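Reader: Could you take me through this structure by question and answer, giving the cut-off behind each term where it comes up?

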Amino acid sequence: MSATPASASLSTAPSGALLEVRDVSKRFGPREVLKDISLQIAGGEFLTLLGESGSGKTTLLRLIAGFEQPSSGEIWMSGRRLDTLPPHKRRVNTVFQNYALFPHLSVAENIAYGMRVTRVPVKEIPVRVDDALRMVKMQEYAAGRPSKLSGGQQQRVALARALVNRPQLLLLDEPLSALDANLRKQMQGELKQLQRALGITFLFVTHDQDEAMTLSDRIALLRNGALEQVDSPRAIYARPATAYAAQFIGQTNLLRCEIQDGIARSGSLQWPVAGLANGTATFSIRPESIRFAADFAAANNLVHFRAIVRQQVFSGASEQLEIDLAGESLRVRVPARGPVYGEHDFGFSPADAIAVRET
Amino acid sequence: MFSRSYKVFISLPPLLWVTLFLLIPYALMFAHSFWLVRDGVISREWNLHNYAKLFQNPVYLEVLFRSIGIAAGVTLLSLLLGYPLAYYMSFHVSARKDLLYQLVIVPLWVSYLVRGYAWKTILGSQGVLNGFLEYLHITNEPVSFFLYSPFAVVLMLTHIYTPFVFLPLYASLEHIPRNLIEASHDLGAGPRKTFLRIILPLSLPGLLAGATFAFVLALGDFLAPLLVGGPSSIMIANIVQSLFGTAYDWPLGAAISVCILLITVTLLFLAERLEKRWSFR
């Protein structure tokens, strides 16, 4: 993304990306909230900005919506500069965290609002409002006021109000965080279905990694205002780039190793690694990658070790074990198998030990 | 939750207060309005003469309509001054908001009379305004209609009641969740449409409360006409004052008071109904 300003003004986003964020930084006074963010979102994609509170994910969303201006960098959409436009001229709509429904307007009027204030033919409006209400299954509440609705219903209206304008890009700012767990699961399903059916690009902000895993085509993991890793949920889970990513997305064990001549050593464990220089390295091993040695079908090139089971937590289909390997505590997830005590032989495949950057 | 004796104990002082200082005076006033003055003393003979006089003598109605006109003018001007001020402070001031707020309401700590006399000094023929205009050679002799005119009354009352309009307006603007304004922009409405469709409707309760304050207070004012109004801008409360004073016709004064009270109460009632309809939370 090192386009010169002259060529940038002519170029369209490469590779058919709908939205392109180029080297965007945002400072509030002395605080740098976003640091050199570059990100591309493809048309029809469901991309999640995942991060802890204060990681800058909402700020990035607000920059794209136009409620904040970047301190440096550019944002492009469909080959046009976006960050210089005021929010009402962007073909982007937002579902706000607390829905932000207009309290003085009925549900139908809320949904019609975007079309009323832009140049949508008056005849078309009621038809599209009806369609939108049907889409979110809220027809019978059309005449009611938003304050009379439950959280989940308000959520649906907010979604309909944004989608009825047929935006190129829909921004969702933690839209499910105010709902209780059951409703949240249900709304996640509905959201994903809607997104698939409509083919609209979703940029979804959340701090909930499960939600991110469930919904996203890709996850952009933010940490302290910088992008940590951008990849599909499977890829991030299988090959986390950093120790932080490995811990934030799913559970993991981090092993600090010394590498010498293609062999990684951590305490009594050692296994061959390829392509890593001598020195120290950190490896991430997922709990389900460690198993009882007896459970491996082919026992060749396994990393074997003996460890004491300290704790066992039964959770239906699987058991969480905490095992003690010479003072180091490891998490293990095995299929449910009844109580386990004492010392056992465990093992993992070297391929499941992923070298991660530690920052 | 609370014991019966506690409830009685806690509600006794306000009940006493309301009875002594509101209910009994109003009842007395109401009764007086049906009595009459005979041979210089108030005679408790029930009759409707006072109300008849009110509608037969054109002076009373004329003064009443003038008072309503002045009050309406004051309300309108206070809104024209107060709304932009409240809007600006609520949406465009971030630093020093508290200081500005104090500056707006600080005139309320200054005595009404002092401010009245100040306007006298400003508007009079030897006053600040005339001196300034002559200094600039815009006029070459004192302009007399500044002072002792309905204009002066409206000016002074507007100055006094603008903070009363400002306060509820500012509060209602501050209560508008900012994400509603972002949502409006997000849905394609520019600043003007957002103001007309979101901010203005949501500030109506505050606007109504402020307008009611200004109108009702201005309608019952009698000091401004005395200080800066002159004979041409006598208001209804001045008539009541003179009837209860030098003219010594308490029954007629009471009848006029009852009429003003009816107008005021009707207005307050309507305002409350509207305010309920316009508040959505």
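**Two chains in a predicted model**

Author: Chain B has twelve helices and two strands, where helices (H or I, at least four residues) and strands (E, at least two) are DSSP runs numbered from the N terminus. This is a predicted model, in which local features need pLDDT of at least 70 and side-chain atom pairs count only at pLDDT 80 or more, while totals for chains, interfaces and linings use all residues. Residues are numbered from 1 along each chain as its sequence is written, and chains are lettered from A and ligands numbered from 1 in the order in which they are written.

Reader: In what order do the elements of chain B run from the N terminus on, and what share of its residues is buried?

Author: From the N terminus on, the order is α-β-β-α-α-α-α-α-α-α-α-α-α-α, and the C-alpha atoms fill a box of roughly 75 × 75 × 35 Å along the principal axes. A residue is buried if 20 or more other C-beta atoms lie within 10 Å of its own, exposed if 12 or fewer, and partly exposed in between, with C-beta atoms placed from the backbone. Of the 281 residues in chain B, the buried share is 32%.

Reader: In chain A, what is the order of the strands in the open sheet of four, and which strands stand at the edges?

Author: The pairing in this sheet is antiparallel and the order is 2-1-4-5; two strands count as paired if DSSP finds at least two bridges between them. Each edge strand has a single partner strand, so one side of each is left without a neighbour in the sheet. The edge strands of chain A are strand 2 (31-42) and strand 5 (80-81).

Reader: How many bridges pair strand 1 of chain A with strand 2 of chain A, and which residue in the turn of their hairpin has a positive phi?

Author: Strand 1 (residues 17-28) of chain A pairs with strand 2 of chain A in the antiparallel sense over eight bridges, and Phe28(A) stands opposite Arg31(A) in strand 2. The two strands form a hairpin with two residues between them, and the turn residue with a positive phi, of about 60 degrees, is Gly29(A).

Reader: Which residue in strand 4 of chain A stands opposite Val21(A), and which residue in strand 5 of chain A stands opposite Trp76(A)?

Author: Strand 1 of chain A is joined to strand 4 of chain A by five bridges in an antiparallel run, and there Val21(A) faces Ile75(A). Strand 4 (residues 72-77) of chain A is in turn joined to strand 5 of chain A by two bridges, again antiparallel. In that pairing, the residue opposite Trp76(A) is Arg81(A).

Reader: Which element of chain A gives the most residues to the side that touches chain B?

Author: The contact takes 19 residues from chain A and 18 residues from chain B, two residues being in contact if their C-beta atoms, placed from the backbone, lie within 7 Å. Strand 6 (92-95) and helix 3 (107-117) of chain A are the elements that give two or more residues to the chain A side. The most, three residues, comes from helix 3 of chain A.

Reader: Tyr99(A) and Asp261(A) both draw my eye; is each of them buried or exposed?

Author: Tyr99(A), in the loop between strand 6 and helix 3 of chain A, has a positive phi near 70 degrees although the residue is not glycine, and with 22 C-beta neighbours inside 10 Å Tyr99(A) counts as buried. Asp261(A), in the loop between strand 11 (253-260) and strand 12 (263-266) of chain A, likewise is not glycine and has a positive phi, near 50 degrees. With 6 C-beta neighbours inside 10 Å, Asp261(A) counts as exposed.
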